[in-house]
Amino acid sequence: MKKSLFCLIIVALIWSCNEAVDEGSTANNTESTENGMTVINGVERSELALLMRKMYDEMKLVKDSIDRGQIVKTDFLEEFERIQTAHATEPEKIDDTYQAMAGAFLDNYALFEQTSENQAEAFNIMLQNCLVCHQQKCPGPVKAINKLKIKP
Ligand code: HEC
């Protein structure tokens, strides 16, 4: 019982560009390797995947705060700029189109951080830039990212 619960939690942490890969995994080891990759459940987590995961978690917290009517102050731009250089699971995806979309996302992220009025609107525009790139490069998390949208 305890063991199967552990498996469930680990599987829930796995997220990939191709949703189907996540189904039916049974192994449950997590280990870090020296080249910046982390292995979870036998799946290598790239530096970019871990950074994206962090962006998702932080943006979920931001959304929840804005939903509660709070004004949010974040300071992640420098960290998120690493999406331009971080090692990806499929390095061939990091092409000129990716870099253009990454640049547009970062511009809009910077605008969001500078906005103190109507943060919901700036947040949704920024999120739209997550989605544009994901629709082309990594459709798996699109549904989850869509759920972060703030309803007016
Ligand atoms: C310029 C393109 C681009 C932008 C912008 C972008 N992503 Fe990603 N995202 C990717 C790619 C490519 C991957 C696959 C990374 C890998 O496996 O190495 C990914 C992976 C992910 C993952 C899966 C991470 C995992 O655990 O495997 C999540 C969640 C995610 N992104 C959320 C977001 C959110 C939220 C935003 C906006 C705040 C965002 N992304 C912006 C391209 C992008």
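How do the residues of the shell around the ligand divide into nonpolar, polar and charged? The shell has 18 nonpolar residues, five polar and three charged. Here Ala, Val, Leu, Ile, Met, Phe, Trp, Tyr, Cys and Pro count as nonpolar, Asp, Glu, Lys and Arg as charged, and the others, Gly among them, as polar.

The model is predicted: local features need pLDDT of at least 70, side-chain atom pairs count only at pLDDT 80 or more, and totals for chains, interfaces and linings use all residues. Residue numbers start from 1 along each chain as its sequence is written.

**The chain**
- The chain has six helices and three strands. Both are DSSP runs, numbered from the N terminus: helices are H or I with at least four residues, strands are E with at least two.
- Along the sequence, the pattern is α-β-β-β-α-α-α-α-α.
- Of the 152 residues in the chain, 12% are buried. A residue is buried if 20 or more other C-beta atoms lie within 10 Å of its own, exposed if 12 or fewer, and partly exposed in between, with C-beta atoms placed from the backbone.

**The ligand shell**
- The ligand is surrounded by 26 residues, and the closest are Met52, Thr89, Phe105, Cys130 and Cys133.
- Helix α2 gives the most, with seven residues.
- The ligand lies between domain 1 (2-44) and domain 2 (46-146), because both give residues to the shell. The domain bounds come from an automatic or database domain assignment.

**Helix α2**
- Helix α2 (residues 47-67) has 21 residues and reaches 30 Å from its first C-alpha to its last. That is close to the expected 30 Å, which is 1.5 Å times one less than the number of residues.
- Its buried residues are Leu48, Ala49, Met52, Met59 and Val62. They cover an arc of only 140° around the axis, so they sit on the same side of α2. The arc is that of the directions from the helix axis to the C-beta atoms.
- An α-helix has 3.6 residues a turn, so residues three or four places apart point the same way.
- Asp57 and Leu61 are exposed on the other side of α2.
- Gly69 follows α2 and has a positive phi, near 85°.

**Asn118**
- Asn118 is not a glycine, yet its phi is positive, about 50°.
- Asn118 is in the loop between α4 and α5.
- Asn118 counts as exposed because it has 8 C-beta neighbours inside 10 Å.

Methods
A residue is near a molecule or strand if its C-beta atom, placed from the backbone, lies within 6 Å of it.
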